[in-house]
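This note is intended for a colleague who is meeting the structure for the first time. Please read the points below alongside the display.

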Amino acid sequence: MKKAVISGATGLVGSHLVAELLRGGGYAVRIIARSERSLAKLDYILGRQGLPPLAGLTAEGRVAVEYGELDDIGDCRRFVRGADIIFHCAAQVSFIGPGTGSEEMVRGNVRITHNLLTAALGARSAPSAPVAAAREIPATGESANAPASEIFPRGCPALEPGVNEAVLSSGETPPACESSGNPADKPGAPSRPLFVHVSSIAALGTEAPPALITEATPFTHIAGASAYARSKFLSENEVWRFAALGLPVVVVNPSVVIGDRLAPKGENNGINALIGFIGRYGFPLWVEGQTGFVGAPDVARAMVLLAARPASWGRRYIVSAENLAFRALLGMLTEAAGKKPPRIRVAPRLVRLAARFAPGIRSVSGQNTLYDGAPLCRATDFAYTPIPDVIASL
């Protein structure tokens, strides 16, 4: 039985991933939590997914809970000890623009990713074969004056020469970063866990419709990107850095994720806050634009499939079921809730004002982008759940 560690297990993607692993069997699941109180959110999702309460699962030995902080490297080493797979789902999500707390979110998301990667690279190493993780590797941006050549391994996606000119060039990792198999397969090499990283379409570049954004679309607009996009881009760069040092990795870039709300009241953000709002009050507004959407169970299922397929390691995959106009999506949500369809167009400049009265509207505004989620289906035996079916299951 494989040992799987999940960060962010009480979040939207992480909670559905726990449910997917438990339904599929073959995994001993270890979840990382900050407190017992946070586990109530996971319990809620498990119940919605038809699974037993967390207390029963832990009593049966199917789930173990580790308490601690991802900010603490010592805690991270304890979390990943003995792991076969690390699913990194934890990240602060925000749709706010620059302002109070936005730069701390960038630093925080990069820091926790770096800590888990450092712990993973040093995990399960053979005493006779020390690995690079025996030393501390500086996180991206930790040494502001250090040249990129000292921060990023040669051939790995890098910030050169400064953060405003960052480019992640390809979904297929450059040769020096190739991580297409477990180093344990090589004679005398230490065994390291697979690191499955949840990134975002926010870490990809942009193309004007009708062009499709793919895994290879370069990210060239970091200077004008949101704090969340920068945090996901820089966190993903950390993953490729560690891949160059021999850590097996695979990255998923989900589009806008739709799934069961994390709690019946509150504790939600983005589109899931909007879904709750629509269920109570309806939603008469709509905004111009379009983007990709995917169900949370599909993201979880894709992660498990990719983790089981070594040929997929060392690559990134967009996970996006459909590209939809925001008005069409809002029409689906209001119809499912038994409310009137949206009928009042909101100008882009008024979205911030509308957000005061309709939480989550920013998650379906300000974008006009189309994503290609087909490579995942070609690489694995995978079929997306249509978005109307995702909405009907909420």
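1. Helix 1 (residues 12-24) packs against helix 2 (residues 39-48) at an angle of about 50 degrees, and their axes lie 9 Å apart. Axes are lines fitted to C-alpha atoms, for helices over the stretch in contact, with angles from 0 to 180 degrees between N-to-C directions. Helices (H or I, at least four residues) and strands (E, at least two) are DSSP runs, numbered from the N terminus.

2. The model is predicted: local features need pLDDT of at least 70 and side-chain atom pairs pLDDT 80 or more, while totals for chains, interfaces and linings use all residues. Residues are numbered from 1 along each chain as its sequence is written, and side-chain values use heavy atoms, with hydrogens and water left out.

3. In the contact (heavy atoms within 4.5 Å), Ser-15, His-16, Val-18, Ala-19 and Leu-22 of helix 1 meet Leu-42, Ile-45 and Leu-46 of helix 2. These residues comprise six nonpolar, two polar and no charged.

4. Pro-254 lies in strand 6 (residues 249-254). Its relative accessible area is 4%, so Pro-254 is buried (under 20% relative accessible area, with a 1.4 Å probe and protein chains only). Leaving aside residues up to four places away in sequence, Pro-254 touches Val-198, Ser-199, Ser-200, Ile-201, Val-294, Val-299 and Val-319.

5. Pro-209 and Pro-210 are joined by a cis peptide bond, with omega about 10 degrees. Most peptide bonds are trans. Pro-210 is located in the loop between strand 5 (194-198) and helix 7 (227-244).

Notes: Buried < 20%, exposed > 50% of the residue type's maximum accessible area, 1.4 Å probe, protein only. Nonpolar A, V, L, I, M, F, W, Y, C, P; charged D, E, K, R; others polar.
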